[in-house]
Amino acid sequence: MGEVEPERADDQAIAAAVEENKDLLTQLDSAIGDADHGTNMQRGFSAVTTALTGSEPETVGAVLVKTGTTLISSVGGASGPLYGGAFRAMGKALDTGEAGTERFAEALAAGLQSIQKLGAATPGDKTIVDAYTPALAAFRLAADAGGDFAAAAAAAADAAEEGMRATTPMQARKGRASYLGARSVGHQDPGATSTALIFRALSETAPR
Ligand code: ADP
Ligand code: MG
């Protein structure tokens, strides 16, 4: 067996997690959206797997940029451009400067910034941002405390899941679910759920 490149393992882990949870994501989206978040994510990440098979870029940054570009071109829903832009921004941030946990924190911050610039959501709007914001904060806290990548990624995954669960009582103020007004209350947000899955996949494949 050859050595597994961590960034490649991450792509595959995300694709596998999305595949495994496709029905859950679609079920959540059927309650407050149009029942396509699972299929959107599955289509996007299987296209990423195809795009990276055979012509894998050399740097982690380039892999992430390609991941983002592929998501933008293959996903029709709101989540495609939002996640796609985030992966592209992370990739660009990783292509400059030194590698390492601090640098990855900066890349994660660039990803969140991209999502908020495009979608204008803030914490409490019942979106991806509600899982991503606490995940980034936890990653930073762990990294600043001297934790290694695996520790920071594990803390981020826990925080993302907590943020995901916290979307249930929220009323959606962005995206399709916002059309429901008060009827969006009492349902877990699909996008916050896929964000938590992505952070968990990152944590599970983190080099230790
Ligand atoms: P669509 O809403 O176009 O059908 P998806 O179903 O794939 O797209 O994705 C829905 C998810 O996208 C929502 O659950 C929410 O988390 C996220 N989302 C929607 N609009 C925004 C936004 N403006 N900012 C951040 N996330 C958003
Ligand atoms: Mg949808």
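Me: Which class does Asp 36 fall in: buried, partly exposed or exposed?
Reply: Asp 36 has a relative accessible area of 21%. Buried means under 20% and exposed over 50%, with partly exposed in between (1.4 Å probe, protein chains only). At 21%, Asp 36 is therefore partly exposed.

Me: At what pLDDT do side-chain atom pairs count in this predicted model?
Reply: Residues are numbered from 1 along each chain as its sequence is written, chains are lettered from A and ligands numbered from 1 in the order in which they are written, and side-chain values use heavy atoms, without hydrogens and water. The model is predicted: totals for chains, interfaces and linings use all residues, local features need pLDDT of at least 70, and side-chain atom pairs count only at pLDDT 80 or more.

Me: Which residues coordinate the magnesium ion (ligand 2)?
Reply: Donors are N, O and S atoms within 2.8 Å of the metal (3.2 Å for Na, K and Ca); water is not among the atoms, so sites may look incomplete. The donor residues are spaced D-x4-D-x1-D in sequence. At 2.0 to 2.2 Å, the ion is coordinated through OD atoms of Asp 29, Asp 34 and Asp 36.

Me: How much of the accessible area of ligand 1 does the protein cover?
Reply: Polar contacts (pairs of N or O atoms within 3.5 Å; within protein, one must be able to donate a hydrogen and the other to accept it, and residues adjacent in sequence count only if both atoms are side-chain atoms) are one part of the picture. Oxygen atoms of ligand 1 lie 3.0 Å from a polar side-chain atom of Asp 34 and 2.6 Å from a side-chain N or O atom of Ser 79. Accessible areas come from the Shrake-Rupley method with a 1.4 Å probe; for residues, only the protein chains shown count as cover. Of the 570 Å² that ligand 1 has on its own, the protein covers 92%.

Me: Which element gives the most residues to the shell around ligand 1?
Reply: Helices (H or I, at least four residues) and strands (E, at least two) are DSSP runs, numbered from the N terminus. Helix 3, helix 5 and helix 9 each give two or more residues to this shell. The most, three residues, come from helix 9.

Me: Is His 37 buried or exposed?
Reply: His 37 is found in helix 3. Contact means heavy atoms within 4.5 Å, and, leaving out residues up to four places away in sequence, His 37 touches residues including Asp 29, Ser 79, Tyr 83 and Gly 191. Because its relative accessibility is 5%, His 37 counts as buried.
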